[in-house]
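Here are my notes for your first look at this model. Please keep the structure open as you read.

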Amino acid sequence: MAGNTKFYEHIGDYLSAIGVDAPAHPLVASLKLKEKEIAERSSNVEPGTMLSGGFYFLSLKQIVEGQVHYGQTHYDCQTGTLYAIAPEQRVATFDIKTRGDVRILLLHPDYIRGHAIESLLRECGFFHYQINEALHLSISEKQTLANLFDAFTVELSQPYEPSSRDIILSNITTLLHYCLRFYRRQFLQRREIFSDWYGRLIKELDRYYAREACHQLPELQEMSDALNVSSRYLSDALKAQMGLSAKACMQQYIIDKSKSMLLANMQSVNEIAYALGFDSPNYFSRLFKSKVGVSPNQYRKQRAEKH
C-alpha cells in the first residue's frame with residue numbers, strides 16, 4: 001500500500017523535497033541527473049509515498065527495476081522510456097533503478113496562461129495516460145528527445161530577458177510535437193498489440209447490455225476501467241485502428257444495437273430508448289437521425305417496406 005500523499009503546488013518545493021536546488025525560474029525547470037544522483041534524490045522520499053504536484057511532469061528515463069503505483073494499480077515500467085504526468089495526478093515509486101541519464105521537465109500551468117501551448121497540452125493525451133502506457137522509444141527517437149531536453153536545459157540556464165519566455169515555450173512546443181509524433185508512431189507500428197481494442201470494447205459493451213436492466217448509457221470511464229487503460233489511451237488506440245474516438249465507437253455500437261431492436265420486435269421507440277439507457281427518448285431519436293439520416297420510426301418503416 002502507498003504511504004501518505006505529499007502535494008507540491010510549487011516546483012521549487014518539490015525540488016527541495018528531493019534535494020535539488022531551487023530552479024532559476026519558479027514556474028519552469030529542466031533537470032539532467034546521472035544514475036548516482038537519481039539514487040541519492042530517491043532516498044530523500046520514503047518509498048511508497050504518493051507524490052502529486054500542481055505542474056506538468058515529463059521525464060525521459062529508462063527504468064530497469066522497480067514499480068510505480070499509479071491510481072489504484074501497481075505497474076512494472078521497465079520497458080517505457082518517456083513518462084508524462086499531469087497536474088494533480090498521484091504517483092508513488094518503489095525501489096526504482098534507472099539506466100543512463102534522466103531528464104526531467106517541470107512546467108507549471110501559470111507559466112503558459114494565454115499561450116497557444118495550452119491548446120497543444122490539451123491535445124497531448126499522453127499526459128492523462130497511465131504509467132504502464134508510457135512511450136517506448138527507438139534509439140534514434142530517444143536521442144532526438146534527449147537533444148531537445150538538453151537544449152531546453154541550456155536555455156533555462158541563460159540570464160532571463162524579455163524574449164526568454166517565447167524561446168522557452170517554443171522549445172517546449174517542439175518537444176511536445178515530437179512526443180505526439182512518436183506516440184502516434186507507437187500506435188501505428190504496434191498495431192498487432194492495439195488492433196484488438198475495438199473487439200475488447202465491443203465485448204465490454206455486450207457485457208454491459210447483458211445485464212438485466214440498464215438505467216443509463218454506458219460511460220467511457222467505466223469501459224476503460226474494465227479494460228484497465230485510461231480513457232484517453234483507449235480513444236487514441238481506437239483512432240489509430242478505426243479512425244474513430246472511443247466515444248464515437250460506443251455511439252456506433254448503440255446505434256447498431258438500436259437498429260436490431262427496431263427490427264426484431266415491436267417495442268416503441270421510447271421503450272427502446274429507455275432499454276438502451278437513454279433518459280430522454282428525444283435525445284435517442286436525435287442521435288439516431290444524426291447517425292443514420294432518418295428517425296427510428298422512419299428507419300423501421302423503410303426496412304419493413306423492403307421486406
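1. Start at Tyr-253. This is a predicted model, and in it Tyr-253 has a relative accessibility of 10%. The cut-off for buried is under 20%, so Tyr-253 counts as buried.

2. Now find the other rings. The whole structure holds 11 aromatic pairs. One of them joins Tyr-209 and Tyr-253. Their ring centres lie 6.1 Å apart, and the planes meet at 20°, so this pair is stacked.

3. What does this pair tie together? Tyr-209 belongs to helix 7 (residues 197-209), and Tyr-253 belongs to helix 10 (residues 246-264), so the pair links parts that are 44 residues apart in sequence. Tyr-209 is also buried, at 11% relative accessibility.

4. Compare another of the 11 aromatic pairs. Tyr-8 and Tyr-14 are arranged edge-to-face. Here the centres are 5.8 Å apart, with 65° between the planes. Both Tyr-8 and Tyr-14 are buried.

5. Phe-278, Tyr-283, Phe-284, Phe-288 and Tyr-299 make up one aromatic cluster. Elsewhere, Arg-165 sits over the face of Tyr-111, 5.7 Å from the ring centre.

6. How many disulfides does the structure hold? The count is zero. Take Cys-124: the closest cysteine sulfur is in Cys-179, 7.2 Å away, which is too far for a bond. A disulfide needs the sulfur atoms within 2.5 Å. Cys-124 is buried at 0% relative accessibility, and Cys-249 is buried at 1%.

7. End at Tyr-83, in strand 6 (residues 82-85). Tyr-83 is buried, with 4% relative accessible area. Tyr-83 and Gln-62 are 21 residues apart in sequence, and their C-alpha atoms are 9.9 Å apart in space.

Note on methods. Residues numbered from 1 in each chain as written. Predicted model: local features only at pLDDT ≥ 70, side-chain atom pairs only at ≥ 80, totals over all residues. Heavy atoms only, no water. Helix = DSSP H or I, 4+ residues; strand = E, 2+ residues; numbered from the N terminus. Buried < 20%, exposed > 50% of the residue type's maximum accessible area, 1.4 Å probe, protein only. Phe/Tyr/Trp six-rings, centres within 6.5 Å; stacked < 30°, edge-to-face > 60°. Lys NZ or Arg CZ within 6 Å of the ring centre and 35° of its normal.
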